[in-house]
Amino acid sequence: MDGARAMPSPTFIPKPLVDQAFEWLEEAIIKGTYAPGTKLDEVALARAFNISRGPVREAIRRLEGKQLVERVPNIGARVASFAPDAIFDLLEVREGLEGIAARLATQRMSKEAIAGLDALLDRHAEQGEVQAGESYFQRSGDHDFHFRIIQGSGNAKLISMLCDDLYSLLRVYRYRSGLRPGQAPKSLQEHRSVVEAMKAGDADRAEHLMREHLRQARARLREEFEEDARKSA
């Protein structure tokens, strides 16, 4: 797998092998262990995972559906690459949609559900990488602060767009924007500020804080892209 960094092979637990292979590969792509353009060799992966090729093949197919993997003639499956302009267009759309989601979630989530966000962030704060200011990785679904707020919006179209169509792809750039040293605790505090506005029933402020949080993340990512371009020039 050209371009792949060393990563310990997973130890799979009793659970459908394809689900485990998918989750492991998805996390490896999101964290950049498998960089854009990295070829995904079914045989090598099956050997590393100590499973048959079938579950690996199905996991890669699922990743294609999530836009994390692309098929290239005469090459096969590889981690998808996107032009910077396309990425930032997507992140601008995300800012608007998640701002709306935060507004709607403030109006529609129960007090108990909003309190659950506080508990979730407490668990995030216990992560060693967050405490060290190294990174802020959120597992998918209900473990993800943004996912919960989008679900709490109660808007089926927003949920479909942000939790299905674009979810995995956005997580790649969400993770990368939080890798700047010391950024993880700041991002966590920005999440807490959104929750405080929600608990106060201030939908305007919740939307504003969510938009600002995402705007800053986009700006950090743009700086990183520009720095990478200068280094490669």
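**Cavities**

I sorted the lining of the largest cavity by class and got six nonpolar, seven polar and four charged residues. For these classes, Ala, Val, Leu, Ile, Met, Phe, Trp, Tyr, Cys and Pro are nonpolar, Asp, Glu, Lys and Arg are charged, and the others, Gly among them, are polar.

The model is predicted: local features need pLDDT of at least 70, side-chain atom pairs count only at pLDDT 80 or more, and totals for chains, interfaces and linings use all residues. Residues are numbered from 1 along each chain as its sequence is written, and side-chain values use heavy atoms, without hydrogens and water.

I searched the whole structure and found three cavities of 30 Å³ or more. A cavity is a set of points, on a 1 Å grid over the protein atoms alone, where a 1.4 Å probe fits but cannot get out; lining residues have an atom within 4 Å of a point. Points join across faces, edges and corners, and a volume is the space filled by probe spheres set on them.

The largest cavity has about 220 Å³. I listed 17 lining residues; Tyr 136, Gln 138, Arg 174, Tyr 175 and Ser 177 lie nearest its centre. Elements giving two or more residues to this lining are α9 (167-177), α10 (183-199) and α11 (203-232). Helices here are DSSP runs (H or I, at least four residues), numbered from the N terminus.

The second largest cavity holds about 60 Å³. Its lining includes Leu 91, Tyr 173, Arg 174, Ser 177 and Arg 218. I traced at least two of its lining residues to each of α4 (84-108), α9 and α11. By class I got four nonpolar, one polar and three charged.

I then turned to the second largest pocket, with a volume of about 400 Å³. Of its 22 lining residues, Ile 29, Gly 32, Pro 36, Val 172 and Arg 176 are closest to the centre. A pocket is an open set with protein on both sides within 12 Å along at least five of seven lines. The largest share of this lining, five residues, comes from α9. The classes are 16 nonpolar, three polar and three charged.

**Confidence**

I noted a mean pLDDT (the predictor's confidence in each residue, from 0 to 100) of 91 for the protein, with 94% of residues at 70 or more.
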